[in-house]
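Here is a short report on one protein chain. Look at the sequence and the structure first.

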Amino acid sequence: RICRILSWRKTMSRSKDLNHLVHLKDEINELKTRIRPEDTGHIHTTISVLEGRVEELTKELTEELDGLR
């Protein structure tokens, strides 16, 4: 029973991470539409930070899924 609960928690965590990943990518795409030739350095910085987080989550999910094989 404990193993089933832990497995369920990992599944929920994976589901949450995947959902978070989708929303981060949506936000990055939205921010890219707001870039202008001037005065949008803060948007570029935000995109860069969010892309870094996408890479982190992708790596974590990939490592976790590889561990299941």
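## Overall fold

The model is predicted. The protein chain holds two helices and zero strands. Helix α1 covers residues 2–33, and helix α2 covers residues 41–68.

Of the 69 residues in the protein chain, 19% are buried. The exposed surface comes to about 5800 Å². Carbon and sulfur atoms supply 54% of that surface. Take the contacts between residues at least 6 apart in sequence: 54% of them join residues at least 24 apart.

In soluble globular proteins, nonpolar side chains tend to be buried together. Here the largest nonpolar core has ten residues: L21, L24, I28, L31, I43, I47, L50, V54, L57 and L61. Both α1 and α2 supply at least two residues of this core. The most comes from α2, with six residues.

L50 is one of the core residues. Leaving aside residues up to four places away in sequence, L50 touches L24, E27, I28 and L31.

## Residue E56

Is E56 buried, exposed or partly exposed? E56 sits in helix α2. Its relative accessible area is 44%. Buried means under 20% and exposed means over 50%, so a value in between counts as partly exposed. E56 is therefore partly exposed.

Conventions
Residues numbered from 1 in each chain as written. Predicted model: local features only at pLDDT ≥ 70, side-chain atom pairs only at ≥ 80, totals over all residues. Heavy atoms only, no water. Helix = DSSP H or I, 4+ residues; strand = E, 2+ residues; numbered from the N terminus. Buried < 20%, exposed > 50% of the residue type's maximum accessible area, 1.4 Å probe, protein only. Contact = heavy atoms within 4.5 Å. Areas by Shrake-Rupley, 256 points an atom, 1.4 Å probe, with all protein chains shown as cover. Core = buried A, V, L, I, M, F, W, Y, C linked by side-chain atoms within 4.5 Å.
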